[in-house]
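Student: I have not seen this structure before. Could we go through parts of it by question and answer?

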Amino acid sequence: MNDSFLRRPLFWQLLAVLLLIPALFTHLGLLPLDTGSDEPRRALVALEMIFSGDYITPTLNGEPYFNKPPGYNWLIALSYTAFGNFSSFALRFPMAVSLVLYGLTIFLLVRKELGSRVGFAAALMLVTNARILLYDSLLGLIDIAFSWLTFAAFILVYQFDRKKNYWALFLTTYLLTAVGYMMKGLPSLVFQGLTLGSYFLYTRQFRRLFHPAHFAGVALFLLLVGSYYVAYFTRNNIPPEKIAAVLFDESAKRTVVQFGITETLLHLVTFPFQMLYFYAPWMLMVVFLLRKPKADSSGMPFFQKITSWAATLHPFILFNAVTFAVNFVIYWSSPQVYARYLFMLLPLLFTIFAYSYYESRPTDWRRRGWDGLMGIVLTVVTIGCWTPFFMPETKDMPDLWWQVPLIFVALAFVTWQYWRQPANRLVILFAFLGVVRIGFNWFVLPPRIEHRQFYKDSSEKVARLSLGKPLYGYKETIGRDGSTDVNSCHIEVVRGEVLKRTDQKIPGALYIADSASLAGERYRVLHEFLLFDQWPAKLVQFE
């Protein structure tokens, strides 16, 4: 291959995309439902919409589900219908498409302000951070799609304000907020409120919040969300305050209100460090934010130093910094926070990192340190890719003989080019991570199948044994705390109907029950099995 072509950033950009797109989709349906996340719950709500024909009232095991509005479940149901099955691939497809569109959106919006190089880097940092690349891009969860909409709303505030187009600003961002609300509830409104308030405050345009377009945007939000709730309460005799209480609890239960001041203070100290491995390797680029204080600023008051520093920033970088800081406080002060909750904020930070990286000189100590550390990591990972031959979980895999050498050659080639091309090291790193994800698909995912397949097989066996007769979950055996959603999903797919809970004994019906619910009952055992997580249960018929 022509060496001059290898030195073009475009080559490495295209290679990274060509590696990542198939890597994200080819093994999307390999694993059955995840047993350690909310994925079964997302699947179950969508399944029951299809089986019941009711797309207005989300349910779990036939009982109303209030924790989340049904927006994302509509996407899953649409995917199930489009693929004509209830496979793991169909469940996760909306997430994977959302991730691709999220990356494209970051590129297009950031490119307008800072150029293609920074836009591409910010987009690929989002896709290739450890949490998304190796975990969340394999699960059919809400967060990536929700974060995509929320991030777009952030940036449109800035871009439409620069154009002084306030009708477009408020109408589009409140439209995105309404769609986000229909996926995840109140957090969408919190992000919108904090972003608008902080932006118009620091730009000294607070009066813009009283622009007629803002009231029109609020009206649009109320019209869209209100239309859904009118349909919901018309169909269901449920007090509105009950749904409102659950939605509020979903937003507040992970905060200091629930956990108290001690755990909150501990979280304030530890969470920034947790982010270093949640979103590795890119969070290590925080080193680029370190600056030597100017000699003439040593006597300035702190606030004046901050103001002076902000005045030197590119306006879009300042917007990203302020928007990240204001919205990050919510999660920094919440002790029970999952890494996926920050996905809408990551591109704000990654844009700052990418911009700072490309603005730095090759001789800058921060850039030399970052490039050197990543070079060492690339070299170690390349050498370590032979470990599947020695790991008990992988050493007997039939295709190892050609897969490991192929991954090694690819990693070695990219690492070699990384050391040879100081100017292109950041974009070469994206291509390296594309190869890493392919290796992850080949060597890490297959050993995970057995655990998940066990619950799939045992649940499907129960479903097949019960075919031709009504089947119910008895008392609290299923749906106790959401842990049995994975069993319910697999059973409902085989039976093609909702698995409901009941404490009634219906003639001719079969029941899934545990020992606690069967105490003092007379019954005949048809089959014994395990619910998640290793919870003994029985398929019974009452006498």
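Student: In strand 7, which residue is the bridge partner of Ile512?

Tutor: The model is predicted. Within strand 7, Ile512 has as its bridge partner Leu539.

Student: In what order do the 5 strands of the open sheet stand?

Tutor: The sheet is open, and its pairing is mixed. Strand 4 (500–502) and strand 6 (523–531) each have a single partner strand, so they stand at the edges and one side of each lacks a neighbour in the sheet. Neighbouring strands are turned by 35° against each other on average, direction ignored. The order is 4-3-5-7-6.

Student: Which helix lies across strand 3, strand 5, strand 6 and strand 7?

Tutor: The helix in question spans residues 449–466. Against strand 6 it runs at about 160°. It is helix 20.

Student: Why are helix 6 and helix 16 called oblique to each other?

Tutor: The axes of helix 6 (residues 116–128) and helix 16 (residues 346–359) come within 8 Å. Angles over 145 degrees would count as roughly antiparallel, and 65 to 115 as roughly perpendicular. The two helices are therefore oblique, as their axes cross at roughly 135°.

Student: How many nonpolar residues are in the contact of helix 6 with helix 16?

Tutor: The crossing of these helices is right-handed. Residues making the contact include Ala121 and Met125 of helix 6, and Phe350 and Tyr355 of helix 16. By class, the contact has 1 polar residue, 1 charged residue and, as asked, nonpolar residues numbering 11.

Notes
Residues numbered from 1 in each chain as written. Predicted model: local features only at pLDDT ≥ 70, side-chain atom pairs only at ≥ 80, totals over all residues. Heavy atoms only, no water. Pairing = 2+ DSSP bridges. Helix = DSSP H or I, 4+ residues; strand = E, 2+ residues; numbered from the N terminus. Axes fitted to C-alpha atoms, helices over the stretch in contact; angles between N-to-C directions. Contact = heavy atoms within 4.5 Å. Parallel < 35°, antiparallel > 145°, perpendicular 65-115°, else oblique. Left-handed = near helix turned anticlockwise from the far one by under 90°. Nonpolar A, V, L, I, M, F, W, Y, C, P; charged D, E, K, R; others polar.
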